[in-house]
Amino acid sequence: MILAIDGVYDVMENKIEDKGRITIEDVGKATAELVWDCTGFPSGVYFIVIRWLGGSESIPVIIQ
């Protein structure tokens, strides 16, 4: 499966950042960790959207 990071969205579904500051770090054979450098963004709820052939997933992120 090929993953593509779409970007970061706010709760109003506005794309606020591309994938430039998001990295994927392999954790194990079938797991990975997304790391987003959210420096400069205010506190709130955001979503990192991942797409692949046939689907997508929104991963919630809370900045405190």
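1. Let me start with Glu-17 and its partner Arg-21. A polar contact of 2.9 Å joins the side chains of Glu-17 and Arg-21. By polar contact I mean a pair of N or O atoms within 3.5 Å; within protein, one must be able to donate a hydrogen and the other to accept it, and residues adjacent in sequence count only if both atoms are side-chain atoms.

2. A word on the model before going further. This is a predicted model, in which local features need pLDDT of at least 70 and side-chain atom pairs count only at pLDDT 80 or more, while totals for chains, interfaces and linings use all residues. Residues are numbered from 1 along each chain as its sequence is written, and side-chain values use heavy atoms, with hydrogens and water left out.

3. Where does Glu-17 lie? Glu-17 is part of strand β2 (residues 15-17); strands (E, at least two residues) are DSSP runs, numbered from the N terminus. Glu-17 is buried, at a relative accessible area of 15%. For this term, buried means under 20% relative accessible area, exposed over 50%, and partly exposed in between (1.4 Å probe, protein chains only).

4. Glu-17 has a second polar partner: its side chain and that of Trp-36 are joined by a polar contact of 2.6 Å. Leaving out residues up to four places away in sequence, Glu-17 touches Gly-7, Val-8, Trp-36, Asp-37 and Phe-41, where contact means heavy atoms within 4.5 Å.

5. Trp-36 brings us to the rings. The structure holds three aromatic pairs; rings of Phe, Tyr and Trp (its six-membered ring) pair if their centres lie within 6.5 Å, and planes under 30 degrees apart count as stacked, over 60 as edge-to-face and the rest as tilted. The Trp-36 and Phe-41 rings have centres 5.2 Å apart and planes at 55°, so this pair is tilted. For Phe-41 and Tyr-46, the centres are 6.0 Å apart and the planes at 70°, so that pair is edge-to-face. Ring pairs link Trp-36, Phe-41 and Tyr-46 into a cluster. Trp-36 is buried at 10% relative accessible area, and Tyr-46 is buried at 7%.

6. Next, the charges. A search of the whole structure finds four salt bridges, each being a side-chain nitrogen of Lys or Arg within 4 Å of a carboxyl oxygen of Asp or Glu. Asp-6 and Arg-51 meet through their side chains in one of them (3.0 Å, N to O). Asp-6 lies in strand β1 (residues 3-10) and Arg-51 in strand β5 (residues 44-52), so the pair ties together parts that are 45 residues apart in sequence. Asp-6 counts as buried at 18% relative accessibility, whereas Arg-51 is partly exposed at 39%.

7. Arg-21 is partly exposed, with a relative accessible area of 29%. Salt bridges that share partners join Asp-6, Lys-15, Asp-18 and Arg-51 into one network. Within that group, the side chains of Asp-18 and Lys-15 meet at 3.3 Å, N to O, and Lys-15 is partly exposed at 39%.

8. Lastly, the surface. Val-11, Met-12, Val-45 and Ile-62 make a nonpolar patch of about 420 Å². Patches are made of residues with over 30% relative accessible area and no salt bridge: like charges are joined within 9 Å, nonpolar side chains (Val, Leu, Ile, Met, Phe, Trp, Tyr) within 5 Å. Ile-62, in strand β6 (residues 55-63), is exposed at 60% relative accessible area.

How values were computed. Accessible areas come from the Shrake-Rupley method with a 1.4 Å probe; for residues, only the protein chains shown count as cover. Helices (H or I, at least four residues) and strands (E, at least two) are DSSP runs, numbered from the N terminus.
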